[in-house]
Amino acid sequence: MIAELTTAIAGLKAASELGTLMLKMKVDAAVTDKVIESQAAIFSAQAAMIELQSKHQELLEENGRLKQKLIEMESWDVEAQKYILTEVGGRKGVVYALKPEHRDSASSHYLCPECYQEKRKSILQNTGSISGRTGYFCSRCPTKVQM
């Protein structure tokens, strides 16, 4: 009977260990499931961060382009203020002439009115004198003016 009792106790001990092992496996499986869920959330967050970094880089580049454009516009405004629309020739032609306070002996010139409206500084080129009148043309557009 003692042998049977010892066998029974050993069997109960084995069953208890098996139960503990099964419980541990159940807990391990639950923990594993939570770890997998956490890793999926981390991967999702990383993907979102990469997307945000990409968008941030695009915005930085756009900001740089806009700043450059603003600098160019401000620079044009400063340059444009040096000129005044001036009527020339008998046909009521117009050019942009350098204001007297910005002239020196070597810099007398005219700007093309068409290019000026497009915020481009295009100096009219002298074609020479024809019938006592000096002609000018723009090298960027078809504008021609006689003085």
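Predicted model: local features only at pLDDT ≥ 70, side-chain atom pairs only at ≥ 80, totals over all residues.

In which helix do Glu37 and Lys34 both lie, and how many residues apart are they?

1. Both Glu37 and Lys34 belong to helix H1 (residues 2-80), where they are three residues apart, about one turn of the helix. Helices here are DSSP runs of H or I with at least four residues, strands are runs of E with at least two, and both are numbered from the N terminus.

2. Residues are numbered from 1 along each chain as its sequence is written, and side-chain values use heavy atoms, with hydrogens and water left out.

3. The structure contains four salt bridges, a salt bridge being a side-chain nitrogen of Lys or Arg within 4 Å of a carboxyl oxygen of Asp or Glu. Glu37 and Lys34 form one of them, with their closest N and O atoms 3.8 Å apart. Accessibility is classed as buried under 20% relative accessible area, exposed over 50% and partly exposed in between (1.4 Å probe, protein chains only). Glu37, at 48%, is partly exposed, while Lys34, at 52%, is exposed.

4. Glu79 deserves a separate point. Its salt bridge with Lys82 has closest N and O atoms 3.4 Å apart, and Lys82 is partly exposed at 27% relative accessible area. Glu79 also meets Lys121 in a salt bridge of 2.8 Å, N to O. This second pair links distant parts of the chain, 42 residues apart: Glu79 is in helix H1, and Lys121 is in the loop between helix H2 (113-117) and strand S4 (125-130). Lys121 is partly exposed, with 35% relative accessibility. Through shared partners, the salt bridges join Glu79, Lys82 and Lys121 into one network.

5. How many disulfides does a search of the whole structure find? The search returns zero, where a disulfide is a pair of cysteine sulfur atoms within 2.5 Å. For Cys112, which is in no disulfide, the nearest cysteine sulfur is that of Cys141, 3.5 Å away. Cys141 is likewise in no disulfide, and its nearest cysteine sulfur is that of Cys112. Cys112 is buried at 0% relative accessibility, and Cys141 is buried at 18%.

6. Three strands make up an open sheet with antiparallel pairing, in the order S1-S2-S3; two strands pair if DSSP finds at least two bridges between them. Strand S1 (83-88) and strand S3 (110-111) are at the edges with a single partner strand each, so one side of each has no neighbour in the sheet. S1 pairs with strand S2 (residues 93-98) over six bridges in the antiparallel sense, and Leu85 stands opposite Tyr96 in S2.

7. A further antiparallel pairing involves strand S5 (residues 133-137) and strand S6 (residues 144-146), which are joined by three bridges. The two strands form a hairpin with six residues between them. Within this pairing, Phe137 stands opposite Lys144 in S6.

8. There are three aromatic pairs. Rings of Phe, Tyr and Trp (its six-membered ring) pair if their centres lie within 6.5 Å; planes under 30 degrees apart count as stacked, over 60 as edge-to-face and the rest as tilted. Tyr96 and Tyr116 form a stacked pair, 3.5 Å centre to centre with 15° between the planes. Tyr96 is in strand S2 and Tyr116 in helix H2, 20 residues apart, and the pair links distant parts of the chain. Tyr96 is buried at 10% relative accessibility, as is Tyr116 at 12%.

9. Tyr110 and Tyr136 form an edge-to-face pair, with 5.6 Å centre to centre and 80° between the planes. Tyr110 lies in strand S3 and Tyr136 in strand S5, so this pair ties together parts that are 26 residues apart in sequence. Tyr110 is partly exposed at 24% relative accessibility, whereas Tyr136 is buried at 16%.

10. Which residues form one aromatic cluster with Trp76? The cluster consists of Trp76, Tyr96 and Tyr116.
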